[in-house]
Amino acid sequence: MKLSIVIPAYNEESTIEEIISRVQAAPLPGGLSREIVVVNDGSHDRTADILNRFGARADLVIVHQSNQGKTAALLTGFKNASGDILLVQDADLEYDPNQFPKLLGPILDGQTQVVYGSRFLGHIEGMEPINRWANKISNGVFSFLYGTPLTDINTCYKVFTRRALEGMTITSRNFAFETEFTVKLLSRGYTIKEVAIDYTARTAKAGKKIKWSTALEMFWPIIKYRFFTRPDF
């Protein structure tokens with residue numbers, strides 16, 4: 001079986017080379033082969049130049065596109081991925097690829113087809129209180145409205161089989177992928193298993209892109225698909 005690690009990147013010149021190296025070196029369970037798909041979402045720093053240095057490699061796919069936001073970058077990555085299992089990895093260093101085995105284990109063991117790495121079940125370092133509470137509110141409202149207890153719907157670490165994604169239409173822009181994807185997985189009848197992960201937050205000065213407007217954008221699909229729009233697959 002093959003694992004495709006999809007990495008959306010926007011202005012990540014300070015971390016992109018290191019995160020690719022970490023992903024390449026991360027342990028994989030169950031004899032999985034590895035494919036890394038990096039989508040440069042119109043970066044205007046040195047991200048593209050750094051990526052182009054890697055050259056042609058069988059296990060590394062690099063796609064450049066105009067800036068369209070995180071959701072579009074992820075969808076481009078999924079389209080270019082050939083793995084049986086897909087794993088989303090941010091291009092910064094907040095999420096440690098050494099945690100891949102615990103994320104992949106429940107899928108390889110046949111327990112589920114979808115795994116989320118929960119920061120709130122594990123160890124969090126450096127998260128601002130306002131970001132912590134924004135996440136807690138989103139998780140609480142989601143769990144109440146959809147009757148499914150989840151502790152971290154906005155986690156980067158989403159791992160799922162190709163089957164779980166096939167035929168799904170995502171219409172959100174930018175960061176709202178997280179909530180729309182979660183709603184539509186549940187609408188399809190999939191069970192999301194959460195596993196505890198460690199997380200080290202970076203600051204806005206270091207390049208973190210989440211703002212209050214982003215948080216509201218991520219929150220809206222929770223309300224939209226519960227009260228106003230049927231979550232078509």
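Helices (H or I, at least four residues) and strands (E, at least two) are DSSP runs, numbered from the N terminus. The model is predicted: local features require pLDDT of at least 70 and side-chain atom pairs pLDDT 80 or more, while totals for chains, interfaces and linings use all residues. Residues are numbered from 1 along each chain as its sequence is written, and side-chain values use heavy atoms, with hydrogens and water left out.

View 1. Phe 227 lies in helix 8 (residues 212-228). Together with Trp 220 and Phe 228, Phe 227 makes a nonpolar surface patch of about 390 Å². Patch residues have over 30% relative accessible area and no salt bridge; like charges are joined within 9 Å, and nonpolar side chains (Val, Leu, Ile, Met, Phe, Trp, Tyr) within 5 Å. Accessible areas come from the Shrake-Rupley method with a 1.4 Å probe, and for residues only the protein chains shown count as cover. A salt bridge is a side-chain nitrogen of Lys or Arg within 4 Å of a carboxyl oxygen of Asp or Glu.

View 2. Seven strands form an open sheet in the order 3-2-1-4-6-5-7, with mixed pairing; two strands pair if DSSP finds at least two bridges between them. Strand 3 (60-65) and strand 7 (192-200) are the edge strands, each pairing on one side only.

**View 3. Strands 1 and 2.** Strand 1 (residues 2-9) and strand 2 (residues 33-41) run parallel and are joined by eight bridges. Ile 5 has Ile 36 as its bridge partner in strand 2.
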